Protein chains: 2
Amino acid sequence: MFRRGDDNGEEESTVVLLNPHLSELNGDILYHLGLGTKTHDLVKMFGDVKFVCMGGAPKRMEHFAKYILTELKDKLPPGTKFQDMQEHSYRYSMYKVGPILSISHGIGVPSLQILLHEIIKLMYYAKVKNPVFFRIGTCGGIGIKAGSVVVSKGAVNEMIEPYYEQIVLGVKMQRSAKLDQDLAQELLSLSEPDDGFDLISGQTMCSYDFYEGQGRCDGAFCYFSEGAKQEYLKKLHDAGVRNIEMEATCFSALTNLANIKAAIVCVAFLNRFEGDQVCPPKNVLSQWEVRPQQIVARYIKRHL
Amino acid sequence: MFRRGDDNGEEESTVVLLNPHLSELNGDILYHLGLGTKTHDLVKMFGDVKFVCMGGAPKRMEHFAKYILTELKDKLPPGTKFQDMQEHSYRYSMYKVGPILSISHGIGVPSLQILLHEIIKLMYYAKVKNPVFFRIGTCGGIGIKAGSVVVSKGAVNEMIEPYYEQIVLGVKMQRSAKLDQDLAQELLSLSEPDDGFDLISGQTMCSYDFYEGQGRCDGAFCYFSEGAKQEYLKKLHDAGVRNIEMEATCFSALTNLANIKAAIVCVAFLNRFEGDQVCPPKNVLSQWEVRPQQIVARYIKRHL
């Protein structure tokens with residue numbers, strides 16, 4: 001079942017593709033990235049990648065790429081530039097700064113999942129060794145102060161089970177939503193006294209919805225009471241969940257399958273025990289959004 | 001449970017919000033749209049909307065808004081302009097051309113669902129009467145020629161069941177994925193002899209994934225054989241499914257709940273019985289992408 005490396009004498013990628021059919025393809029099209037093994041020299045374009053950073057919104061990932069260029073300028077190879085790779089893709093925004101890729105994955109598991117399939121294949125085809133994947137996101141907190149940053153210990157689904165469930169050919173299958181514990185610990189150690197925010201470890205609940213699925217009472221539809229919602233949030237908290245977002249199970253499970261070290265670092269825009277609506281003004285949210293980027297930038301700086 | 005209209009003497013919307021909590025809110029923030037009942041005059045901004053057209057990619061929806069302005073210029077109120085409403089939203093692209101809203105929903109159910117919650121509330125707050133919602137998309141065909149356009153009869157999930165399943169407070173709930181049959185029939189009748197493509201009626205299967213979930217053998221992971229895949233596609237075809245995309249169940253179920261007439265019109269980029277990869281060149285795909293827009297534009301023209 002395993003497919004690792006081609007027999008062409010070059011050193012192979014550490015990324016694992018669990019798909020025997022790929023070797024039978026006459027060239028692979030990474031459709032949503034607008035790239036292909038026949039049309040692009042992927043080793044030349046992406047062979048130097050070491051860190052892949054993903055987040056929902058295109059503007060956040062553009063900001064991150066520019067931020068990392070400034071933050072790490074002494075550490076990056078001489079002449080490293082901000083490269084906008086958007087021309088290739090119609091769906092996702094991708095930026096490259098030397099060994100760092102910064103890509104928007106849109107909102108939710110399906111949108112992220114397409115990107116992961118194609119980025120994992122890209123890493124493989126580009127013969128990348130030991131890449132580290134980060135999700136830099138925003139979330140709702142459970143029993144933590146708004147503005148706090150959560151490093152995920154692992155992910156659970158909406159039933160509070162530690163796996164990612166997918167339906168394949170009409171059959172349900174479950175994949176372990178594990179994250180690298182050493183990487184999470186190291187990220188937690190990068191907190192600095194002047195940061196002005198808490199850096200917290202916790203389980204992350206991944207929902208398929210922002211409203212009912214996360215127990216919000218302010219969507220177009222809501223059939224439950226405030227009391228039932230508080231009970232659910234408490235159940236999550238009791239299970240060690242400290243934040244809710246919309247991608248964690250898929251991100252954990254697929255990187256785990258592909259033998260890729262991965263971490264999820266999200267800032268909480270509110271404490272869900274206290275409400276549903278995201279109330280802080282835009283400029284405050286924008287400042288908070290940079291916090292996970294700061295932590296991940298420190299990690300990259302240390303490992304470049 | 002029903003909440004219809006405020007007691008302010010103005011005529012109320014036909015859109016139904018099934019959420020008793022909303023009347024207790026001191027102003028509602030449509031967070032992902034960057035709009036609010038306290039910060040914007042939603043009746044003034046959106047009260048004239050009659051048609052809401054959604055599709056995955058921002059560029060497609062920008063194209064559609066411009067296309068509709070040209071196509072319908074004699075039918076639109078004098079002075080109607082192309083309005084870019086992006087300044088409000090950080091996540092979705094929204095354009096307004098007189099009574100037509102054109103909005104990108106991203107990829108997949110979770111991304112669409114957030115938008116639907118907020119657009120349904122927006123229609124309600126703007127006191128819109130009888131809006132018609134369209135999803136204009138791309139898809140994989142099942143036993144139909146590449147380039148054909150499918151008008152969905154209804155939607156089924158990956159288990160080929162006619163409903164949308166959601167988990168709310170840890171409990172599974174099912175919502176009927178029904179679409180308006182008269183609207184679908186009328187759209188089918190708008191085919192013209194010179195169109196150069198087939199306009200087909202069929203069930204639409206909604207998947208949470210582009211690769212394994214749709215039985216593709218070209219993702220980063222694949223544990224099934226080509227034979228098992230063909231069997232699954234045949235099972236779908238036998239159940240009346242003519243295309244697969246990634247939003248249909250949620251779109252059908254939520255518009256249905258909100259008392260909104262809705263239709264899904266998608267062009268097939270390939271016949272999945274023949275392969276997995278999207279091979280036609282970009283310019284051909286771009287031409288095909290306009291086909292659902294043509295059909296929907298004819299409908300709007302007739303009803304303006």
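## A buried lysine to start from

At 4% relative accessibility, A:Lys96 counts as buried (buried means under 20% relative accessible area, exposed over 50%, partly exposed in between, with a 1.4 Å probe and protein chains only). Its salt-bridge partner is A:Asp48, at 2.9 Å from N to O, and A:Asp48 is partly exposed, with a relative accessible area of 35%. A salt bridge here is a side-chain nitrogen of Lys or Arg within 4 Å of a carboxyl oxygen of Asp or Glu.

This is a predicted model, in which local features need pLDDT of at least 70 and side-chain atom pairs count only at pLDDT 80 or more, while totals for chains, interfaces and linings use all residues. Residues are numbered from 1 along each chain as its sequence is written, chains are lettered from A and ligands numbered from 1 in the order in which they are written, and side-chain values use heavy atoms, leaving out hydrogens and water.

## Salt bridges within chain A

Over all chains, the count comes to 28 salt bridges. One of them joins the side chains of A:Lys121 and A:Asp28 at 2.8 Å, N to O. This pair links distant parts of the chain, 93 residues apart: A:Lys121 is in helix α3 (residues 109–125) of chain A, and A:Asp28 is in the segment before β1 (29–30) of chain A. Helices (H or I, at least four residues) and strands (E, at least two) are DSSP runs, numbered from the N terminus. A:Lys121 is buried at a relative accessible area of 0%, and A:Asp28 is buried too, at 2%.

What does A:Arg302 form with A:Glu186? The two form a salt bridge, with the closest N and O atoms 3.0 Å apart. A:Arg302 lies in helix α7 (residues 282–303) of chain A and A:Glu186 in helix α4 (residues 181–188) of chain A, so the pair ties together parts that are 116 residues apart in sequence. Elsewhere, A:Glu226, A:Lys229, A:Arg272 and A:Asp276 are joined into one network by salt bridges that share partners.

## Positions annotated in UniProt

An unreviewed UniProt entry places the feature "binding site" at A:Arg91, A:Arg135, A:Ile136, A:Gly137 and A:Thr138; positions are in the numbering used here, feature names are shortened, and annotations may be inferred rather than shown by experiment. A:Arg135 is found in strand β7 (residues 132–141) of chain A and is buried, at 2% relative accessibility. Leaving aside neighbours within four places in sequence, its contacts include A:His105, A:Glu245, A:Glu247 and A:Phe251, where contact means heavy atoms within 4.5 Å.

A:Ile136 is also found in strand β7 of chain A, and is buried at 0% relative accessible area. Not counting residues up to four places away in sequence, A:Ile136 touches residues including A:Phe64, A:Val265, A:Pro292 and A:Val296.

## Where the two chains meet

The contact takes 75 residues from chain B and 75 residues from chain A. Together the chains bury about 6,400 Å², 60% of it on carbon and sulfur atoms; buried area is the accessible area (1.4 Å probe) that two parts lose on being put together, summed over both. B:Tyr90, B:Leu169 and B:Phe221 supply 12% of the area that chain B buries against chain A, more than any other three residues.

Between chain B and chain A the count is two salt bridges, one of which brings together A:Arg175 and B:Glu212 at 2.6 Å, N to O. On the side of chain B that touches chain A, α3(B) gives the most, with nine residues.
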